[in-house]
Each structure stands twice: as C-alpha cells, then as structure tokens.
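Hello,

Here is the structure we talked about. Please open it beside this email and follow along residue by residue.

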Amino acid sequence: MKHFVPSIAIDRLPAPVFAELAQRIGAVKAAGHDVITLGQGTPDQTTPVHILDALKEAIDDSTNLQYPPFRGHDFLKQAVADFYQKEFGVSVDPASEVAILLGSKAGIVALPQTIVNPGEGVIVPDPGYPDYLSGAALAGAYPITLPLLAENAFLPDYNLLDTKDVERARMLFLNYPSNPTGATATAEAFEQTVAFADANDICVVHDLAYGGISFDGPTRSFLQTEGAKNVGIELFSLSKRFNMSGFRIAFAIGNPSVIASIETYQEHLYVSAFTPIQHAAAVALSSDQTCVRELSALYETRRDALFGQLKEIGWEGPVPGGSFFVWLPVASGFTSQSFTDHLLDEAHVAVTPGHFFGEYGEGYVRISLIADAERLVEAVQRIGQLHLFSQTVAE
Ligand SMILES: Cc1ncc(COP(=O)(O)O)c(C=O)c1O
C-alpha cells in the first residue's frame with residue numbers, strides 16, 4: 001500500500017492530546033473503576049423541547065430537505081439580528097453583518113485563512129481554547145502567545161506582547177466567559193482591546209461560546225463596546241447556550257469586510273447548514289430565553305456545591321464568573337500532567353491538565369461542571385482522601 005505523506009498544513013496541526021486523554025480515561029473505566037469524568041466540554045442537559053419541536057416540524061416539510069441557500073437562510077440572519085438587538089442592545093445588518101457557521105469551531109479554524117496570510121501573526125490567548133492554534137496553523141500563520149495571568153484575573157494585558165509580534169499580527173482571538181479559566185470580561189478589558197486592535201490594524205475575533213452562562217450579571221457581548229464592529233467580529237454559538245452541541249450551528253457577527261470573507265470561504269466549502277437546523281436555531285433565538293437563565297442557574301448551583309467542598313479539603317482557586325469550567329492550581333509538587341494522572345489513578349476522577357490550553361496553563365487543571373452537584377462533591381471528597389492540600393478548614 002502506498003503511503004501518502006500528510007501535507008505541511010496537516011503536519012503543523014497540534015497533537016490530538018484530548019483524544020489521547022479520553023483513551024486513558026476509557027482504559028481506567030474498562031478496568032472496572034467508577035470514574036467521575038469532569039474533563040469534557042459537552043453539555044449534559046438536553047435541548048429544550050420547543051427547539052426540538054421546531055426541528056421536527058421543519059423536517060416534515062420536504063422542501064426543507066433540499067440544498068439550503070449557499071449563504072444560509074435570510075430568516076435566520078434576521079433572527080440573529082433581532083436577538084442581538086434584544087439581548088445586547090446591539091444593532092447589526094442581517095444581510096452584511098451576519099454569517100451562519102457550522103458551529104463556531106468551524107469558524108475559528110477557518111477564520112485565519114480568510115484574513116491572515118502565511119507568515120503573518122495570529123494572537124492567541126494562553127491559556128485558551130486549542131483550536132485558535134489549529135486555525136493559525138492551517139493558515140500558515142505565526143502564533144503569538146497572549147499570556148492570561150491570574151494576577152490580571154485572566155484578562156488580557158497587551159503590554160505583555162512584544163512590539164515586533166504586534167507589528168506582525170493580523171488577528172486576535174479572545175474568549176469570555178473563558179474556556180478554560182471561567183473568567184468573564186470587564187467593559188474596560190473590551191475597551192482596551194478595541195483601542196489596541198484599532199491602533200495596530202488587528203482583526204479581533206471574540207469567541208462567545210459560553211454566552212448566557214454567566215453568574216456575575218448578564219453576559220457581555222464584545223459588540224457592545226464602542227468601536228468593536230470597526231475592529232472585528234463575535235462568534236456566537238448555540239451549542240452551550242441551548243444544549244445544541246450536536247446541531248453544529250453558530251454565527252459570526254460584526255465587521256462586514258470580515259463577514260464577506262467568511263461567506264466567500266464557506267461558499268466554496270459548504271452549502272450552509274441543514275434547513276431544519278436553521279429553523280430550530282431561529283426558534284431558539286426568537287423564543288423566550290428562560291431556559292438559558294435556568295441552565296445558567298443550574299451551573300451556578302453546581303459551582304457553589306463544588307466550591308463548598310473544595311473549601312473543606314483546603315483546595316483554593318478562582319471562582320468562575322461564567323462558562324462551565326473551574327480552573328484550579330495543582331497541589332504542590334505536581335505538574336499539570338502528573339496531577340491529572342494522580343487524580344485519575346488514585347481517585348478515579350478525570351480532569352483536564354492545564355498545559356493542554358497552552359504553556360501558561362501549566363500548574364492548573366480544568367474541571368467541568370458537567371455532572372450533578374452530588375457527583376462533583378463526591379469527586380472532591382475522593383480527592384480529599386489523597387491528602388494533597390492542607391485541610392485547615394476541615395480538621
Ligand atoms: C471556547 C470555545 N469556543 C468554541 C467552541 C466550539 O463550539 P461549537 O460547538 O460552536 O463549535 C468551544 C467548544 O467547546 C469552546 O470551548
């Protein structure tokens with residue numbers, strides 16, 4: 001059998017570390033252990049019934065089973081524009097400022113190719129969602145690390161960037177509420193981002209994957225910031241907000257020149273999302289948002305239960321203001337990897353090591369609030385039995 005060597009672009013893609021971790025967790029489960037899996041990012045709740053009903057109804061109309069329009073349906077773009085107005089007070093033109101994506105992951109990985117040329121720079125938050133690097137790699141772009149530090153509440157400090165890197169940069173990814181840190185953006189952080197991007201002609205891509213899952217007030221849209229549309233776009237996903245991760249639907253909203261490039265790119269790659277899914281998405285956006293508030297409250301309850309028990313075992317860390325992730329420092333004497341291995345082998349608790357999210361993630365692990373409060377508490381109790389932290393409160 002001939003062996004065809006992967007292209008340079010494929011070779012540049014980051015190693016599939018998450019798949020390897022999943023395999024390791026699978027092996028511990030196969031050995032008969034009851035593993036509490038807190039490493040994943042897939043919501044455990046179901047899609048609200050009114051959205052599922054819209055999908056089912058749309059499937060029964062055979063015209064909806066044909067090719068959708070190349071750039072997606074106007075009714076959905078209008079629903080996005082209406083939603084942004086109602087939810088964030090932001091006005092967008094549905095025709096020129098909204099693109100339909102097959103999930104925000106598809107948008108993230110495509111975006112550098114639509115704006116950035118080989119050798120130019122893409123600034124990626126560190127720790128951050130690894131696919132920003134995948135997008136940069138496929139574009140042949142040069143990744144520039146933007147350190148997100150605990151002392152800055154994991155918000156960007158553009159002074160940490162090298163001037164030469166800034167000159168080279170064409171795109172900047174940001175993500176609040178953050179995966180993995182759980183940090184939420186301040187108005188000031190977004191204002192500084194607009195000023196920085198404007199001064200340096202950098203296109204901002206704000207990834208709002210966890211919109212609606214906020215515990216310290218409503219989620220802030222980047223587009224609420226004055227001048228934001230001038231310098232970039234926001235990616236808005238339905239995966240987490242409505243438990244629609246399998247639907248593969250999200251939007252890019254904002255600067256019309258960026259939207260036009262995405263539309264052109266996508267026209268060559270896809271024929272938009274399945275029409276019934278576009279109907280379901282429109283219903284999700286235009287319906288009452290109580291289901292989102294309830295979902296956010298559920299994650300908040302889980303967060304509080306987890307932190308109650310963390311306190312008992314003396315494990316301290318920043319309390320997340322949004323997303324469904326908790327970012328915790330490892331116990332002393334461990335690396336992210338050795339701590340993750342230790343928890344899996346000795347407590348049968350699966351977490352994600354921080355260095356999967358970049359070099360500034362070293363020294364942390366990420367816990368997902370994707371389990372019942374009882375299970376989260378049990379996980380921390382099991383870890384407590386390993387006596388890794390000074391249990392000043394409990395003893
Ligand atoms: C920060 C971030 N962005 C984007 C995504 C991808 O979301 P989607 O389902 O819209 O592709 C995820 C998924 O976990 C995420 O954590």
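**What was found**

A79 counts as buried, because its relative accessibility is 10% and the cut-off for buried is under 20%. Find A79 in helix α4, residues 74-88. Now look for F4. A79 and F4 are 75 residues apart in sequence. In space, their C-alpha atoms are 45 Å apart. Keep in mind throughout that this is a predicted model.

**The ligand**

Next, go to the ligand. The space it takes is the largest pocket. There are 15 residues around the ligand. Which of them come nearest? They are D207, Y210, S239, K240 and R248.

What kinds of residues make up the shell around the ligand? Five are nonpolar, six are polar and four are charged. Helix α5, residues 104-115, gives the largest share of this shell, with three residues.

- S104: an N or O atom of the side chain is 2.7 Å from an oxygen atom of the ligand.
- N179: a polar side-chain atom lies 2.8 Å from an oxygen atom of the ligand.
- Y210: an N or O atom of the side chain is 2.7 Å from an oxygen atom of the ligand.

How much of the ligand does the protein cover? On its own, the ligand has 400 Å² of accessible area, and the protein covers 92% of that.

**A buried serine**

Move on to S323. Look in the loop between α12 (290-313) and β9 (325-329). Is S323 buried or exposed? S323 counts as buried, because its relative accessibility is 0% and buried means under 20%.

Which backbone atoms does the side chain of S323 reach? One is the backbone oxygen of S178, 3.3 Å from a polar atom of that side chain. Another is the backbone nitrogen of F325, where the distance to a polar atom of the S323 side chain is 3.1 Å.

**Backbone points to check**

Some background first. Most residues other than glycine have a negative phi, and most peptide bonds are trans.

Start with the peptide bonds. The bond from D126 to P127 is cis, with omega near 5°. P127 is in the loop between β3 (121-126) and α6 (131-138). The bond from N179 to P180 is also cis, with omega near 20°. P180 lies in the loop between β5 (169-174) and α8 (187-200).

Now the phi angles. R248 is not a glycine, yet its phi is positive, near 60°. The residue sits in the loop between β7 (232-237) and β8 (250-254).

Find H348 in the loop between α13 (336-347) and β10 (349-350). Is H348 buried or exposed? With 18% relative accessibility, H348 counts as buried, because the cut-off is under 20%.

Best wishes

Technical notes: Residues are numbered from 1 along each chain as its sequence is written. This is a predicted model: local features need pLDDT of at least 70, side-chain atom pairs count only at pLDDT 80 or more; totals for chains, interfaces and linings use all residues. Side-chain values use heavy atoms; hydrogens and water are left out. A residue is near a molecule or strand if one of its heavy atoms lies within 4 Å of it. A polar contact is a pair of N or O atoms within 3.5 Å; within protein, one must be able to donate a hydrogen and the other to accept it, and residues adjacent in sequence count only if both atoms are side-chain atoms. Accessible areas come from the Shrake-Rupley method with a 1.4 Å probe; for residues, only the protein chains shown count as cover. On a 1 Å grid over the protein atoms alone, a cavity is a set of points where a 1.4 Å probe fits but cannot get out, and a pocket is an open set with protein on both sides within 12 Å along at least five of seven lines; lining residues have an atom within 4 Å of a point. A molecule sits in a cavity or pocket if more than half of its atoms lie within 2 Å of its grid points. Helices (H or I, at least four residues) and strands (E, at least two) are DSSP runs, numbered from the N terminus. Ala, Val, Leu, Ile, Met, Phe, Trp, Tyr, Cys and Pro count as nonpolar, Asp, Glu, Lys and Arg as charged, and the others, Gly among them, as polar. Buried means under 20% relative accessible area, exposed over 50%, partly exposed in between (1.4 Å probe, protein chains only).
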